[in-house]
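Please keep the structure beside you while I write down what I looked up.

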Amino acid sequence: MRLWPSLPALARVCITVFLGVVFTAGCTHAAAQHRSAPSTTPQQSVAVADSITPRAAPPSPVNIEFAPEAFLANIALLASDTLEGRGTGTHGGDLAAGFIAGKFAAAGLQPGGDGGTYFQEFTPTLGTDLGDDTQFVISGVSEQPQRGRDYMPFSFSSNDAFAGELLFAGYGQVNTDKNYDDYRGIDAQGKVLLMFRKEPPGWGENGQYSPHATFNDKIYTAKEHGAAAVLVVNQSQENGGEDRLARFGSLGGGGVFGLPAFQLSRAFAEKLATAGGLPALDELQKKLDETGENCSQAISDLRIEGKAGIVARKARTQNVIGVLPAHGDKADEYVVIGAHYDHLGKVVAGSMQPSGYRGRDESELVIHNGADDNASGVSGVIELGRALSHTPHLRRTIVFMAFTGEEWGLFGSKYYVEHPTVPLEQVVAMINLDMIGRLRPDRTTIPVYGAESAPELKDIVSRTGAAEGFGSEGMAGSLDASDHASFAHKGIPYLFFFTDKHADYHMPTDDTEKINAEGGARIVRMIYDITLQVTNADGRPTYHEVASAREVRPGAAVMRVSPSYVEDDQPGMLLDGVASGGPAEAAGIQPGDRILRIGDKEVKNVYDYMAALRDKKPGDQVEVLIRRGEEGLSLTVKLGGRERGQ
């Protein structure tokens, strides 16, 4: 059941249960508005923003304080077990959004979302689930397999129907370093390939597996050889270990690699080998491991047809937006202050990603509260909203945002910049707060990334940091894995406040008691002073792309683009950004383009993109077919070298 139809009642529960935090009448009213508000188009959203009226002259200034207790109280609520880690599209995530909207209302911020509410709704794809229409039929055997016992689709499988004769393909590798090719002497075109998982022991370095052992490499190699589908079987289990089918969604990440792909139990794969006249799997594996001799061969008289039966998992979620209209001469310009409020939710400990719960038993799931990541940043935004609403004579309008879906790939901020509620060309700067709650007491500096995205910001940060007792560490570089990146790709100057990772990052131990509330309050005070200077400056910051220090690694080729990881129903791979001076920009590729094909390889997503370039070298030229709006363009790209961070 979704939250919003019953939100007013739940808000009352929050009053009594969550740390004595009081929702004002504005919170209940905002929730009721949101419950009944119709959805709007992006154009309507802009109209809502345009209709915001300038504030009346503010009251006399009050004493602005940033109390550690207030900073900590917001975190304690957002990081409560009751919110179950604020997963995107979950009940706890919705509760968090309602709490933030209530705080915005209490501060007197105007609703900046859809239909006069604080909420900007959208429905992203958060992965895949296994549906009921899985098909897996084998001609040539007496007993048909059962899903869950004999086979299981991989979550990275395509959902295309397939049919073909069965062929054994060893480890499914082409490894030139080992002079090894499982496709030598066979025709894989239109065949269903049975292969072992991983690779022969010792082929990787330092005890690790080589890239050829990965699922995506095996599947893309099969795809390049024209295979219809891939079936993967575990290697023989050492020390009598049990052969198990992995639960759906527990292996291989959340992308779609482009072919139907299934895991078979070793017992069932053995039946197929026997029925098709092959030696025992143990014998085949031993030969491959010890000699590297090619063992690929047809499996006689067996044909498989099927379909994975995978369905997209979507979830309705929302950004939370409050607006503090200016009454100055630059009220039609905007400063954005943002932080993401989502975290991992309930996942397997150590999975490090929001999708880590899929296919798991409930008993294996642990709440990841994310006190530092990023209840701390949201608390900072809340406190800044309170303070700035009592600050007179603001020349520019300030937009406060709590983003959803950051942990999935910046979903909320990416959606916002494509569906802005204020004109992006009028946004003069974006200030992002992500993990500001664990400042070490002995530190005299704080990393402020992105200060060089505009020379004016660098000056402001240096001056303000010194006044607040902070040095200017980290201003020369930029981190891309947070919501400021979505704005930077649109040419908007930004600052990113971040007190660094720690041992509790993305772990269930990231809890409130480990927050340095005094340090967090100091940082928020510094951001307040910086915001005032940006908001009231005569001129606006001049955007300059930050070039992070990178190290070129030979033998790999890139186009220097930033793919969008937000799935949609459009063809090709959408580009969020194109690096200045990089190969793609030199060829004329622009942000917002969709790459449809590289050479003779179709590109549907980032995995196809990586596969299309995996055998290329710096200096190679490739023909790239893109779609720009309704127009198709073919461009020649001279590839560059891969750099650290790409």
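**Ground rules**

I am working with a predicted model, in which local features need pLDDT of at least 70, side-chain atom pairs count only at pLDDT 80 or more, and totals for chains, interfaces and linings use all residues. Residues are numbered from 1 along each chain as its sequence is written, and side-chain values use heavy atoms, with hydrogens and water left out.

**Entry 1: the whole chain**

I started with the secondary structure and found 15 helices and 29 strands. These are DSSP runs numbered from the N terminus, with helices being H or I of at least four residues and strands being E of at least two. Next I looked up burial: of the 646 residues, 54% count as buried. Buried means under 20% relative accessible area, exposed means over 50%, and partly exposed is in between, with a 1.4 Å probe and protein chains only. Then I turned to contacts, meaning heavy atoms within 4.5 Å. Among contacts with a separation of 6 or more, 80% join residues 24 or more positions apart.

**Entry 2**

How do I describe two packed helices? I use the angle between their axes and the distance between the axes. The axes are lines fitted to C-alpha atoms, for helices over the stretch in contact, and the angles run from 0 to 180 degrees between N-to-C directions.

I took helix 4 (residues 68-78) with helix 9 (residues 371-389): their axes come within 8 Å and cross at roughly 130°. That makes helix 4 oblique to helix 9. For the wording, under 35 degrees is roughly parallel, over 145 roughly antiparallel, 65 to 115 roughly perpendicular, and the rest oblique. The crossing of helix 4 with helix 9 is right-handed; that is the clockwise case, while left-handed means the near helix is turned anticlockwise from the far one by less than a right angle.

On the helix 4 side I listed Ala70, Phe71, Asn74, Ile75 and Leu78. Helix 9 brings Ala371, Ala375, Ser376, Val378, Ser379, Gly380, Ile382 and Glu383. I sorted the residues of this contact into eight nonpolar, four polar and one charged. Here Ala, Val, Leu, Ile, Met, Phe, Trp, Tyr, Cys and Pro count as nonpolar, Asp, Glu, Lys and Arg as charged, and the others, Gly among them, as polar.

I then checked helix 4 against helix 13 (residues 517-536), where the axes come within 8 Å and cross at roughly 105°. Helix 4 and helix 13 are therefore roughly perpendicular. Pro68, Phe71 and Leu72 of helix 4 meet Ala517, Glu518, Gly520, Ala521 and Val524 of helix 13. This contact has six nonpolar, one polar and one charged residues.

**Entry 3: the cores**

Which residues touch the most other members of the largest nonpolar core? I found Val320, Leu384, Phe400 and Phe497, in a core of 65 residues. Helix 13 gives the largest share of this core, ten residues. A nonpolar core is a set of buried Ala, Val, Leu, Ile, Met, Phe, Trp, Tyr and Cys residues joined through side-chain atoms within 4.5 Å.

I followed Leu384 and, leaving aside neighbours within four places in sequence, found contacts with Phe66, Ile337, Phe400, Leu433, Val524, Ile527 and Tyr528. A second, separate core has 34 residues, including Phe136, Ala229, Leu284 and Cys295.

**Entry 4: single residues**

Is Glu406 buried or exposed? Glu406 is buried, at 7% relative accessible area, and sits in the loop between strand 18 (397-403) and helix 10 (411-418). Beyond neighbours within four places in sequence, Glu406 has contacts that include His340, Asp342, Asp434 and Asp483.

I noted a cis peptide bond from Asp373 to Asn374, with omega near 0°; Asn374 is in helix 9.

Glu84 is not a glycine, yet has a positive phi of about 50°. Glu84 lies in the loop between helix 4 and helix 5 (91-106) and is partly exposed at 36% relative accessibility. Asp301, in strand 12 (residues 297-307), has a positive phi near 60°, and counts as exposed at 73%.
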